[in-house]
Amino acid sequence: MKLHCLGTAGYHPSESRHTACFFLPGPGIALDAGTSVFRLQPLIQTKSISILLSHTHLDHVMGLTFFWDLLGGNTPLERIELYAKQDKIDAIQEHLFHPSLFPVIPPFQWRPLESLGSTFKLGAAQCTWFDLEHPGGAVGYRLDFPEVSLAYVTDTTCEDDSDYWRNIQGVDWLIHECNFTDSETKMARHTGHSWPSAVLANSAKHGVERLVLTHFNPMVQGLDPVGLEPILGQYKARPVRWIELAQDNTVYDLL
Ligand SMILES: [Zn+2]
Ligand SMILES: [Zn+2]
């Protein structure tokens, strides 16, 4: 199963990164819908896709206005199911698609998470959602496929006692935000974001197999915008087998 990292910036696009979207073409599941959604069209293989939204800050939903490009034409796509908390669906309908901001809302099938329970079937996967720690609220997702498990966690402050980690226990792949560096913890806490040493320590503690960091500060250029390299040595002996900084257009083979 392939995972496409379409957008790995937080806040706004940069010369090298667009904002959040990850895509699993096989099961047709997208995680968030930031400005990188324009990269989705050639990857669509299914008649139906499911979009799992973490929350509705603009860097995660801007691309919902691009979906007219994906219907008809060269894709098999006929149906777009949009999963989010009810208050986030209301915000999208009332604000993002207000006629003064966008002319015609694409034909989404709305799926309020509360109506599905905390865990539900999504194709071959069991999908579990859980609250994160972010101004305005955000949710993380865990997808348990028969052959592999994947968790997507953005935007959130990562603390040692953060409740959400119990949902990530033993996951094969964790995509976790890391907007700030270890010297910016005050700003990270103030804005509801994370820094690398906290994410690495908790990933090790909770048995994460492979960790992919994303949602980087777009004002910092280069392949290591959070200063991961100098602190990696501390985690070599810990059980996280593999740690990577996501880049736009990278594809991971999850199996
Ligand atoms: Zn964000
Ligand atoms: Zn946010």
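Donors are taken here as N, O and S atoms within 2.8 Å of the metal. On this basis, in the predicted model, the zinc ion (ligand 2) and the zinc ion (ligand 1) lie 3.6 Å apart, and Asp 155 coordinates both of them. The protein donors of the zinc ion (ligand 2) are His 55 through NE2, His 57 through ND1, His 134 through NE2 and Asp 155 through OD, at 2.2 to 2.6 Å from the metal. Along the sequence these donor residues follow the spacing H-x1-H-x76-H-x20-D. Water is not among the atoms, so sites may look incomplete.

The angles among the four donor atoms of the zinc ion (ligand 2) run from 90 to 171°, and the site is irregular. For reference, the ideal angle for four tetrahedral donors at a metal is 109.5 degrees. His 55 is buried, because its relative accessibility is 1%, whereas His 57, with a relative accessible area of 32%, is partly exposed.

The model also contains an open sheet of seven strands, arranged in the order β6-β5-β4-β3-β2-β1-β14 with mixed pairing. Strands β6 and β14 (250-253) form the edges; each has a single partner strand, so one side of each has no neighbour in the sheet. From one strand to the next, the twist averages 20°. Strands of a sheet pair through backbone hydrogen bonds, in either a parallel or an antiparallel manner. In the case of β5 and β6, the two strands run parallel and are joined by five bridges. Leu 82 stands opposite Trp 110, a residue of β6. Helix α2 (residues 86-96) lies across both β5 and β6, and runs at about 150° to β6.

Nine salt bridges were found in a search of the whole structure. One of them is formed by the side chains of Glu 81 and Arg 111, with an N to O distance of 3.1 Å. This pair links distant parts of the chain, since Glu 81 belongs to strand β5 (residues 79-84) and Arg 111 to strand β6 (residues 108-112), 30 residues apart. Glu 81 is buried, at 12% relative accessibility, while Arg 111 is partly exposed, at 22%. Arg 79, Glu 81 and Arg 111 are linked in a network of salt bridges.

A further salt bridge joins the side chains of Arg 142 and Asp 144, at 3.0 Å from N to O. Here Arg 142 is buried, with a relative accessible area of 13%, and Asp 144 is partly exposed, with a value of 27%. Arg 189 forms a salt bridge with Glu 159, and the closest N and O atoms of this pair are 2.6 Å apart. Because Arg 189 lies in helix α3 (residues 185-191) and Glu 159 in the loop between β10 (149-153) and β11 (173-177), the pair ties together parts that are 30 residues apart in sequence. Arg 189 counts as partly exposed, at 45% relative accessibility.

Terms used:
Residues are numbered from 1 along each chain as its sequence is written. Chains are lettered from A and ligands numbered from 1 in the order in which they are written. This is a predicted model: local features need pLDDT of at least 70, side-chain atom pairs count only at pLDDT 80 or more; totals for chains, interfaces and linings use all residues. Side-chain values use heavy atoms; hydrogens and water are left out. A salt bridge is a side-chain nitrogen of Lys or Arg within 4 Å of a carboxyl oxygen of Asp or Glu. Helices (H or I, at least four residues) and strands (E, at least two) are DSSP runs, numbered from the N terminus. Buried means under 20% relative accessible area, exposed over 50%, partly exposed in between (1.4 Å probe, protein chains only). Two strands pair if DSSP finds at least two bridges between them. Axes are lines fitted to C-alpha atoms, for helices over the stretch in contact, and angles run from 0 to 180 degrees between N-to-C directions. Contact means heavy atoms within 4.5 Å. Donors are N, O and S atoms within 2.8 Å of the metal (3.2 Å for Na, K and Ca); water is not among the atoms, so sites may look incomplete. Four donors count as tetrahedral if all angles lie between 85 and 135 degrees; four count as square planar and six as octahedral if opposite donors are over 155 degrees apart and all others between 65 and 115; anything else is irregular.
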